[in-house]
Amino acid sequence: MLPNIVLVGFMGCGKSSVGRRLAAMTGHRFVDTDELVTHAAGKSIPEIFAESGEEAFRRIESTALEDLVGVAGIILSTGGGAILSEPNRAALHKIGIVAWLDADPDILFERAMRSGKRPLLQTATPRGDFDLLLTARRPIYTETADVRIDSSHFDHDEAAHAVFDAALRFHHRGPAH
Ligand code: S3P
């Protein structure tokens with residue numbers, strides 16, 4: 001059976017849209033950790049951050065990831081910070097092939113600001129905070145990902161196909177090739 005694919009990447013990289021297309025392509029079920037967290041908490045992500053803080057959000061996110069270990073037939077879209085803790089990274093690798101959806105910083109920033117609902121960017125200096133987060137996280141995505149796809153010049157369908165091809169190559173040949 002086709003392995004699970006886990007999409008990681010910075011806010012605005014298109015994980016959810018690309019993940020839905022991948023699910024349609026593969027017949028796998030689309031799962032989104034942000035949706036699982038929202039469901040578990042009974043409130044939106046901005047509400048969780050505002051009422052309980054980021055730590056509380058991270059705890060629910062980690063539990064959602066642990067619960068997915070051993071579940072087959074899924075395309076998983078994760079929140080941008082899901083790679084931050086070592087237990088989360090271990091869970092991501094147990095769940096499936098970890099595909100990093102990357103893009104140019106300007107493109108990521110523009111896309112990330114669109115929804116207006118990302119608590120980490122609801123600050124007085126969103127671009128500066130965005131750049132700080134991206135600089136801190138880029139090495140972690142690099143270290144964590146099995147495959148990296150630069151989606152800067154792709155639409156969602158093209159990105160989904162690129163992820164699918166890269167994940168299959170990784171699955172058949174392994175990381176050393
Ligand atoms: C976060 C990214 C968000 C969401 C939360 C925290 C992050 O998901 O999980 O706001 O730390 O980068 P997206 O990457 O889908 O925006």
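An oxygen atom of the ligand lies 2.6 Å from an N or O atom in the side chain of Lys 15. Such a pair is a polar contact (N or O atoms within 3.5 Å). This is a predicted model, in which local features need pLDDT of at least 70 and side-chain atom pairs count only at pLDDT 80 or more, while totals for chains, interfaces and linings use all residues. Residues are numbered from 1 along each chain as its sequence is written, and side-chain values use heavy atoms, without hydrogens and water.

| Residue | Distance to a ligand oxygen |
|---|---|
| Lys 15 | 2.6 Å |
| Arg 58 | 2.6 Å |
| Arg 118 | 2.5 Å |

The ligand alone exposes 390 Å², and the protein buries 95% of that area (Shrake-Rupley method, 1.4 Å probe). Around the ligand stand 13 residues (a heavy atom within 4 Å). Lys 15, Asp 34, Arg 58, Arg 118 and Arg 137 come nearest. By class, this shell has 5 nonpolar, 3 polar and 5 charged residues; Asp, Glu, Lys and Arg count as charged, and Gly as polar.

The ligand takes up the space of the largest pocket (more than half of its atoms within 2 Å of the grid points). A pocket is an open set of points on a 1 Å grid where a 1.4 Å probe fits, with protein on both sides within 12 Å along at least five of seven lines; lining residues have an atom within 4 Å of a point. The largest pocket holds about 800 Å³ of space, the volume filled by probe spheres set on the points. Its lining has 33 residues, with Gly 12, Ser 16, Asp 34, Ser 115 and Arg 118 nearest the centre. Helix H1 (15-26) is among the elements giving two or more residues to this lining (helices are DSSP runs, H or I, of at least four residues). H1 gives the most, with 4 residues.

Conventions: Polar contact = N/O pair within 3.5 Å; in protein donor to acceptor, adjacent residues only side chain to side chain.
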